[in-house]
Amino acid sequence: MSRAKPLLPRIPAAVQRYGLAVLSVTAALGTALLLQLFSFRGVEFPLFLFAIALTVWYAGIRPGVLAVILSCLAFDYFFTEPRYSLYVRTSEFPYYILFILFAILLAWFSAVRRRVERDLLESRDELEKEVAVRAQQASLLNLTHDTIFVRDMSDVITYWNRGAQELYGWTAEEAVGKHAHQLLRTVFPVPIDEVHAELLRTGRWEGELEKTKADGTRVVVASRWSLRRNEQAAPIAILETENDITQHKRGEEEVRKLNRELGKRTTDLEAINKELEAFAYSISHDLRAPIRHIIGFTELLQKNASPTLDEKGRRYMMTILESAKRMGTLIDDLLAFSRLGRIETRETMVSLDQLVSEVQSEGGQETNGRNITWKIGPLPELYGDRAMLKLVLVNLISNAIKFTRPNPQPEIEIGCSEKRNDGAVVFVRDNGVGFDMKYVNKLFGVFQRLHGPAEFEGTGIGLATVQRIIHRHGGQVWAESLVGRGTTFFLSLPKP
Amino acid sequence: MPDIGRILLVEDDPRDTELTMTALEEYHLSNEVVVATDGAEALDYLFGRGKFQGRNSENPAVLLLDLKLPKVDGLEVLQQIRSDEKLKMIPVVVLTSSREERDKLASYQLGVNAYVVKPVDFHEFVNAIKELGVFWAIINEPPPGSVGKK
């Protein structure tokens, strides 16, 4: 307590208190003797009483007793006959007793007064502290962004924080004293009896509630209730904390909507895919038969009627046969290509080195004895469908062989240009005829050709196949070319 | 001339039948060929019912079966043959235009003996038919109870 601080901090408190008794009595004695010199008589009695009162007031009962004893001695010694002796005449006893009684009464009054004052000050300090703590708590509750309010057991609001005001638009003055569910038009997801039952059983309840703001807009809140009980364990109030989750709910609804749309789109795509599959299936069955018939019967015709036909007739027949065969090849290519998109990939670790040498040895006859210089760099291992990746290499390598045909010193280089953390970039480079980069966007189209059939054979399905396979592996394929200088194809294949 | 087994050709397209017969004739294998133009007729023949009532109950040495057929399709014919005690041993060769994975899978699951995709090229076609005919009607020993080969 601040008032308990000793006046002179280095001197012990007991010495100070008893010292005060000695000092005050000495001062009273000095004053009385001084006044006596100026012929003032009889002032010593009240002066000693004053010294005793002062001592009791500031130093307590025991120093007070010392002051009474000292006062009696001083009075006896200096002011009663015979002077300057401690002899006490019997006739003076009542005088002394009266003095002591008076001093005791004064001391008692002073002590009581003193205690009352101390108690009062103590309770004032406690109250101040309590008020400070409460005020801090209240301002903390007010500071939080969360909506917090308290209502009693008949749902009348008794506390309403700033967060509640911000969310619902009602000020504390407007809200306190109102019925909470009527003010906020609360909509419960479950019967309110169930909510109350749970609250009384567990002391808590959590759920999503729909409420209405002062301006009439609806909000969805995540609400948490805690039950407060008094000392007799009877429920007295409910603390409700809330967060506005309207946006969140709207987001959820949005996601659900998008998911529904996605689901529908997936179903649509599946249907389209099924249709395409049926289409490919019927091509496979029905379109090949007439071609087989054209070829078959033209062959038979050729065999039976050839002698009677002239040169022109035989040439027509040859053209029919070649066209029909070409049609057959195109259909087969198209079916193989469409199958690529439909069949499941079976992914394993594939060594590109091994794959390249396989393709080279199998494609031997294509090179037709030409003296091709091969430069095969170290190639990475990749994760992918072995058969499909082989088809990619077959297409790219046979293209390189095909398009270097006019070059007397053909050179084909296969290597790995970049080995990144997320995958690898592999290239196949030739010094063949090349193509004009302005047609590069046609390069990977189905049945798109950048060279005439008289120059280079082919249906134009190879690079489309390459692209489809690489895309199915999550990679990219692109090309760089210079007419007359050669072409480089790049494949980027991601790591699994 | 060697003794040849009976071939049951199930084919709805007369042009394909003609081409097949031409190929078989070329190798003198056409004498013992019976043609059914749809699955129902093939089953009637095999079970000796309908217009084949009272037919000699022996089985053909081989069945050349198209898959896409009117009324009862090839896979169903195959399934009925395989689930019949008396017919299930007949060698069946699927002869089709389809190279589709699921057709192959379904055929083999039903226990087909061979699956041949009709080649578009006529010479290859003739060659394939000839080899099929020679193998199944001459070289192969059919199960007991088949027509032709004794």
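1. The loop between strand 1 (147-152) and strand 2 (157-160) of chain A holds A:Asp155. In this predicted model, the phi of A:Asp155 is near 65°, a positive value in a residue other than glycine. Is A:Asp155 buried, exposed or partly exposed? A:Asp155 counts as partly exposed because 15 C-beta neighbours lie inside 10 Å, and a residue would need 20 or more to be called buried.

2. A second residue of this kind is A:Ala233, which is not a glycine and yet has a positive phi of about 65°. A:Ala233 is placed in the loop between strand 4 (218-229) and strand 5 (235-244) of chain A. Because A:Ala233 has 7 C-beta neighbours inside 10 Å, this residue counts as exposed, the limit for that class being 12 or fewer.

3. Strand 4 of chain A also takes part in a hairpin with strand 3 of chain A, with five residues between the two strands, and A:Gly216 in the turn has a positive phi of about 95°. The two strands run antiparallel, and nine bridges join strand 3 (residues 204-212) to strand 4 of chain A. Within this pairing, A:Glu210 stands opposite A:Val220 of strand 4 of chain A.

4. For chain A as a whole, the secondary structure comes to 14 helices and twelve strands. Of the 496 residues in chain A, 22% are buried. Among contacts in chain A between residues at least 6 apart in sequence, 59% join residues at least 24 apart.

5. Chain B contains an open sheet of five strands, in the order 2-1-3-4-5 and with parallel pairing. Which strands lie at the edges of the sheet? They are strand 2 (33-36) and strand 5 (114-117) of chain B, each of which pairs on one side only. On average, neighbouring strands of this sheet are turned by 20° against each other, direction ignored. Strand 4 (residues 92-96) of chain B is joined to strand 5 of chain B by four bridges, the two running parallel, and B:Val93 has B:Ala114 in strand 5 as its bridge partner.

6. Helix 5 of chain B lies across strand 1 (7-10), strand 3 (62-65), strand 4 and strand 5 of chain B, and runs at about 155° to strand 3 of chain B.

7. The largest nonpolar core has 43 residues, of which B:Val10, B:Leu64 and B:Leu65 touch the most other members. Helix 5 of chain B gives the most to this core, with seven residues. Once its neighbours within four places in sequence are left aside, B:Leu64 is in contact with B:Ile7, B:Leu9, B:Val10, B:Val93, B:Leu95 and B:Leu132. As general background, nonpolar side chains tend to be buried together in soluble globular proteins.

8. Where the chains meet, 16 residues of chain B are in contact with 15 residues of chain A. On the side of chain B that touches chain A, helix 1 (14-26) and helix 5 (122-139) of chain B each supply at least two residues. The largest share of that side, four residues, comes from helix 1 of chain B. What is the division of the residues on this side of chain B into nonpolar, polar and charged? Four are nonpolar, three are polar and nine are charged.

Technical notes:
Residues numbered from 1 in each chain as written. Chains lettered and ligands numbered in written order. Predicted model: local features only at pLDDT ≥ 70, side-chain atom pairs only at ≥ 80, totals over all residues. Contact = placed C-beta atoms within 7 Å. Nonpolar A, V, L, I, M, F, W, Y, C, P; charged D, E, K, R; others polar. Core = buried A, V, L, I, M, F, W, Y, C linked by C-beta atoms within 7 Å. Pairing = 2+ DSSP bridges. Axes fitted to C-alpha atoms, helices over the stretch in contact; angles between N-to-C directions.
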